[in-house]
Amino acid sequence: MRDSLLWMVAAGLLVLFAAGCTAAFASDEGGSVPVYTVADTTGDWGFPSPFAHYARGPGYTRMSFLFDTLIWKNKTEYVPALAERWEMEGDDVYIFHLRDGVTWHDGEEFTADDVVFTVEYTLDHPYQWVDSGIIESAEALDESTVRITLSEPYAPFLDQVAGTLPILPEHIWSEVDDPATYRDQDALVGTGPYTLDVDDYDKVQGTYRYVAYQDYYRGEPMVSELRFVKISAPNAAAELRQGKVDTAPIEPEMIDLLEDDFEILEVPAHWWNYKLMINHQKAPMSDKRFRQALARAIDRDELVDIAARGYGLAGSPGFVPPDNDWYNPEIDDLYPHDPAEAEELLDDLGYDGETIELLVRGNDAEAERIGELIEADLEAVGIDVDLRTMDSKTVDSKVGDWDFDLAVSGHGGVIGDPNFLAKNTIDMEGFNSARYDENSDLTELLEEQMTETDEDDRQDLIDQAQVLYAEDVPALSLYYTESFVAHDGRVDLYYTYNGMALGIPIALNKLSFVGV
């Protein structure tokens, strides 16, 4: 049996996180770090409420400092959050035993009714990262116990629902009809370790200022004030050395300059994926022979060598990274770089040489280089390319609206539960997903694996799905890139076990700042 995380979350193990271990997570260093500053090269990731944050990992991360989930993850495992323990009844019912003494930032008591309300509210007002539709019902058994019944078994429930869905205060959100536009101060009232005044979020400057919530149930956070500031990527080393920031993403070339005075964290290659989004609803991209020609024409190994400067792993045509436990080695030899075969496929489908637009994020030097290399590869096989550079949010918007031909994109979350393959293929909402449902066999496999609780049987379904994905090429993984973060060591930063929530590869777990 291949090693995986899936049934580490089996009920028998989860119950070990009993109330007695909760005290072990309490901080005894409240306020020992007065101010901690995090550098970000983008800046604004949206208003940090559950319904207004930008739909990428940094947006969720900023929201997570204010709002808690039922369970969470630390460096090595799942840990209690608002639920101090939980167990399963059968294969489709979860019982969550909630913490006592938890309060919302406005002083109101947190109860089981808030959990039930959140589930019901998100059925009417879907939360962008969680499919609440899998939940048949949520019932408060008493003030501190909730029963959640699923419509059918759902293997990734703990990871992708209980560990991702932010719990809302009923006394505030029950009066909100349009959550996406709700920007009042109350929209930021959660149970998390920090509070944020609406005036301490500056969309233009891309800055956030969080203040520790002294009544946080794990104890007063170690970091009293947490700031996010925007910097220019080339200035990261200077900002760190001058003490202007405590942590920043850095380029590989900066490691030698910083490693004597700072701690360097490396993101494993398979945590972040650069990929080519393909508008398969529009000709000629709608013909899978054209998409297969793209896969043959683009030299993914060269992308790693040049764009990633050797810090990466060539993409798998089946999307799952080769160093992931769920990878199917049968697709190892699919789509080697073969310009001649690409030209044959283009001739076979009757491609007439029309110009194909390729969108690239202009605030990402690595993505720009990827675009230039892809342009050269495609033009070498006779595809005329119009390379266009624009800001990342515009690229995301165009991809989401199907207003594109090809686009260089990227995201984390290709780790943890293998349902990431389904979420990035048949999820018809997110701009990170290929939104591809034209192969009924592929769709059926990806839907079936969600309900399959036997690991070996689920592996077989994931293996089959990778083969069909590779054949149809709804999107093309270019490479999985390594990246680096430097920090001054005042806070124990780390990469969360299988990524935060759905698999966010960012070393800013809120528990680091609480000091647990």
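User: How are residues numbered, and which pLDDT is needed for local features?
Analyst: Residues are numbered from 1 along each chain as its sequence is written, and side-chain values use heavy atoms, with hydrogens and water left out. In this predicted model, totals for chains, interfaces and linings use all residues, side-chain atom pairs count only at pLDDT 80 or more, and local features need pLDDT of at least 70.

User: Is Asp-417 buried or exposed?
Analyst: Asp-417 is placed in the loop between strand E18 (406-412) and helix H14 (420-423); helices (H or I, at least four residues) and strands (E, at least two) are DSSP runs, numbered from the N terminus. Buried means under 20% relative accessible area, exposed over 50%, and partly exposed in between (1.4 Å probe, protein chains only). The relative accessible area of Asp-417 is 2%, so this residue is buried.

User: How far is the backbone nitrogen of Asn-419 from a polar atom of the side chain of Asp-417?
Analyst: Asp-417 is itself buried. Between a polar atom of its side chain and the backbone nitrogen of Asn-419, the distance is 2.9 Å.

User: Which residues of helix H9 are buried?
Analyst: Helix H9 (residues 288-297) is largely enclosed by the rest of the structure, because eight of its ten residues are buried. Those residues are Phe-290, Arg-291, Gln-292, Ala-293, Leu-294, Ala-295, Arg-296 and Ala-297.

User: What separates the C-alpha atoms of Met-450 and Glu-152?
Analyst: Met-450 belongs to helix H15 (residues 440-451) and is buried, with a relative accessible area of 18%. Along the chain, Met-450 and Glu-152 are 298 residues apart, yet their C-alpha atoms are separated by 9.6 Å.

User: What separates Glu-372 and Arg-369 in helix H12?
Analyst: Glu-372 and Arg-369 form a salt bridge whose closest N and O atoms are 3.0 Å apart. Both lie in helix H12 (residues 365-380), three residues apart, so their separation is about one helical turn.

Note on methods: A polar contact is a pair of N or O atoms within 3.5 Å; within protein, one must be able to donate a hydrogen and the other to accept it, and residues adjacent in sequence count only if both atoms are side-chain atoms. A salt bridge is a side-chain nitrogen of Lys or Arg within 4 Å of a carboxyl oxygen of Asp or Glu.
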